[in-house]
Amino acid sequence: MRSQSSVSAALPSNGQLENSCHKDSTAKEHFQNGDRTSLEEELTSLHAKVAALEDDLRKSCQEASNNHDLCHQLEKELKELKDLEQQMKPKRSKIILDLLISVSKAERQEARMKVRQDSLRLGSVGVIRAGTIISETWEDGQMLKDLNIHLRQLLETKEAVERQRKSLKKRQSDKGDGTDAELGAQEEDFLIQDEIFKSRLVSIKREEETILRERDRYELEKGRLIRELKRIRDEDGSRFNNFQILNHRYALLNLLGKGGFSEVYKAYDLVEHRYVACKLHGLNVQWSEDKKQSYIRHALREYNIHKTLVHNHIVQLWDIFEIDQNTFCTILEYCSGMTLNSLTTFRGIQTFGLWNLPLTLGFFFLSFTHFLISGKDLDAVLKATPVLPEREARIIIVQIFQGLVYLNKRAQKIIHYDLKPGNVLFDEFGIAKVTDFGLSKIVEEDVGSQGMELTSQGAGTYWYLPPECFELSKTPLISSKVDVWSAGVLFYQMLFGRRPFGHDQTQERILREDTIIKARRVEFPTKPTISNEAKDLIRQCLTYNQAERPDVLTIAQDPYLTYLKK
Ligand SMILES: Nc1ncnc2c1ncn2[C@@H]1O[C@H](COP(=O)(O)OP(=O)(O)OP(=O)(O)O)[C@@H](O)[C@H]1O
């Protein structure tokens with residue numbers, strides 16, 4: 001019904017139809033009455049327009065065809081360029097590689113030359129033979145001999161002056177009779193002589209202190225030389241010292257250092273065009289198949305934890321691959337350490353606008369001026385400068401805590417368990433990064449508030465582990481508070497140049513004497529002076545009772561660890 005009525009509403013009524021017929025007949029009349037001319041004109045103009053449009057269309061078609069040809073031509077050129085790029089790639093890689101190798105060779109030569117020069121001053125490794133046993137020994141260099149001679153001379157002079165002073169005093173007390181004037185003159189003479197001796201003794205003491213400071217510096221330099229000698233020896237004995245390319249992309253350069261079961265090389269990633277650290281894990285060929293499998297399982301576990309971590313204060317792990325049956329390699333973010341050379345280079349880049357150089361050349365300059373082969377970690381920093389100013393120590397511990405906070409804010413929380421100076425690296429800008437997740441633990445979600453069971457008791461570095469890790473009567477329960485304790489030890493060591501507990505003890509003695517189990521209270525040396533806020537942070541970190549010690553997320557709220565002004 002509704003559709004019928006709407007149709008009828010749309011149709012014209014009878015009256016309307018009549019009206020429109022009438023209009024048509026009037027138009028016809030009008031047409032017949034001679035408006036033909038204007039229509040013809042209109043038609044002509046339309047024809048002209050059509051012709052013009054056809055012309056435009058022709059032109060556009062022509063243009064389209066030209067563009068099509070051009071496009072085709074460009075596509076061809078692009079393909080040619082891409083082919084050329086593909087052809088050039090190996091050539092470019094070869095040039096980069098050649099540059100890198102010459103730089104690395106220059107670095108190796110420089111390192112060996114420096115070691116030879118330093119050995120003259122600081123000492124060298126000698127060989128001693130006792131029957132059939134040949135062993136190595138350290139022979140001190142000229143610098144220490146000179147310092148010791150100087151010290152001995154000073155001691156002799158001091159003793160001579162003291163003898164003189166004693167005899168002067170004796171003469172003064174034995175003085176005979178005389179006139180007041182004579183006695184007065186003698187008294188003055190005595191006082192002047194005594195003052196001369198006293199002043200000489202003071203200056204000898206000052207000289208002695210300078211020499212002792214020099215001797216401390218000598219010891220530090222000697223330590224650095226011994227480490228460098230070891231690194232060079234390890235590099236010479238390594239089977240990877242021949243600038244090999246691993247996995248078709250990682251060009252091995254110079255050895256950064258050797259750990260327990262691994263060698264770490266500085267390398268260049270020819271795909272991503274950046275420096276990386278190649279950690280080569282070697283399985284001992286004499287190990288049983290079971291032991292090898294267990295080592296690989298352990299390394300894969302570490303890799304699986306580490307590869308998911310992406311944070312400014314955690315060393316990034318990029319890749320893992322097998323080299324042969326007994327060797328595999330992990331690729332890590334390269335941390336060059338903040339050396340004087342990298343600072344100079346950084347300034348050079350800014351001053352001479354080297355940022356604008358092609359990427360490869362930029363890298364070349366960066367590497368070439370970076371002569372010291374460093375790979376610096378906090379351990380090396382503390383060996384060179386055992387006590388850091390509080391301001392520097394604070395910014396380092398703040399960064400370590402930021403890394404720890406990241407580990408504790410993830411869905412899958414992680415306890416690092418092996419925080420120590422050797423596991424804190426620095427990049428060229430001085431940014432601290434935590435590394436080595438070989439002992440770290442994943443905290444399962446269902447773990448109770450007391451913490452998770454410690455199944456690998458005995459592992460780790462004892463100076464940095466809290467008392468609960470030494471619990472023997474039952475399986476210890478641990479949490480992120482382990483890392484809080486370790487960070488407290490690290491901070492203390494940076495500030496005072498020694499660890500708070502068992503500093504001079506070996507690992508074995510720490511265990512035997514229950515050093516950490518007895519570490520109930522932390523004591524602070526009087527020197528250097530550090531702020532109460534820093535001491536308070538250390539006290540919190542080194543809270544003996546695990547239940548009372550703050551966890552990572554709680555201690556990270558401490559005002560000392562934030563730079564925001566409240
Ligand atoms: N990502 C990196 N960037 C730069 N240098 C690194 C990097 N990782 C390690 N190094 C350096 O390589 C050297 C050896 O490192 P490695 O971790 O194998 O040694 P380690 O910690 O002494 O040994 P282990 O882990 O067996 O106890 C150290 O000097 C370290 O500073």
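A residue is called buried if 20 or more other C-beta atoms lie within 10 Å of its own, exposed if 12 or fewer do, and partly exposed in between, with C-beta atoms placed from the backbone. The model on screen is predicted: local features need pLDDT of at least 70, side-chain atom pairs count only at pLDDT 80 or more, and totals for chains, interfaces and linings use all residues. Residues are numbered from 1 along each chain as its sequence is written.

**Whole chain.** Start with everything selected. The chain has 566 residues, of which 23% count as buried. It holds 14 helices and 14 strands; these are DSSP runs (helices H or I, at least four residues; strands E, at least two), numbered from the N terminus. Two residues are in contact if their C-beta atoms, placed from the backbone, lie within 7 Å. Among contacts between residues at least 6 apart in sequence, 63% join residues at least 24 apart.

UniProt positions follow the numbering used here, feature names are shortened, and annotations may be inferred rather than shown by experiment.

**Asn247.** Move to the loop between β3 (245–246) and β4 (250–258), where asparagine 247 is found. Its phi is near 55°, a positive value in a residue other than glycine. Most residues other than glycine have a negative phi. Asparagine 247 is partly exposed because 15 other C-beta atoms lie within 10 Å.

**Tyr417.** Another positive phi, about 75°, belongs to tyrosine 417. Select the loop between β9 (414–415) and β10 (424–426) to find tyrosine 417. Is this residue, tyrosine 417, buried or exposed? Tyrosine 417 has 24 C-beta neighbours inside 10 Å, so it counts as buried.

**Lys279.** Now select strand β6 (residues 274–282), which contains lysine 279. The unreviewed UniProt entry places a "binding site" feature at Lys279. Lysine 279 counts as buried because it has 23 C-beta neighbours inside 10 Å. Show its contacts, leaving aside neighbours within four places in sequence: Ser262, Val264, Cys329, Thr330 and Leu332.

**Cys278 and the core.** Step to cysteine 278. Not counting residues up to four places away in sequence, cysteine 278 touches Leu246, Tyr250, Leu252, Val264, Tyr265, Ala267, Cys329 and Ile331. A nonpolar core is a set of buried Ala, Val, Leu, Ile, Met, Phe, Trp, Tyr and Cys residues joined through C-beta atoms within 7 Å. The largest such core has 72 residues, and those touching the most other members are Ala267, Val276, Cys278, Ile400, Ala487 and Phe491. Its largest share, eleven residues, comes from α11.

**α11 and α13.** Select residues 481–496 (α11) and 532–541 (α13), whose axes come within 8 Å and cross at roughly 145°. Axes are lines fitted to C-alpha atoms over the stretch in contact, and angles run from 0 to 180 degrees between N-to-C directions. From α11, Val484, Trp485, Ala487, Gly488, Phe491, Tyr492 and Leu495 meet Ala534, Leu537, Ile538 and Cys541 of α13. These residues divide into ten nonpolar, one polar and no charged. Here Ala, Val, Leu, Ile, Met, Phe, Trp, Tyr, Cys and Pro count as nonpolar, Asp, Glu, Lys and Arg as charged, and the others, Gly among them, as polar.

**Pro528.** Finish in the loop between α12 (507–512) and α13, where proline 528 lies. A cis peptide bond joins lysine 527 to proline 528, with omega about -10°. Most peptide bonds are trans.
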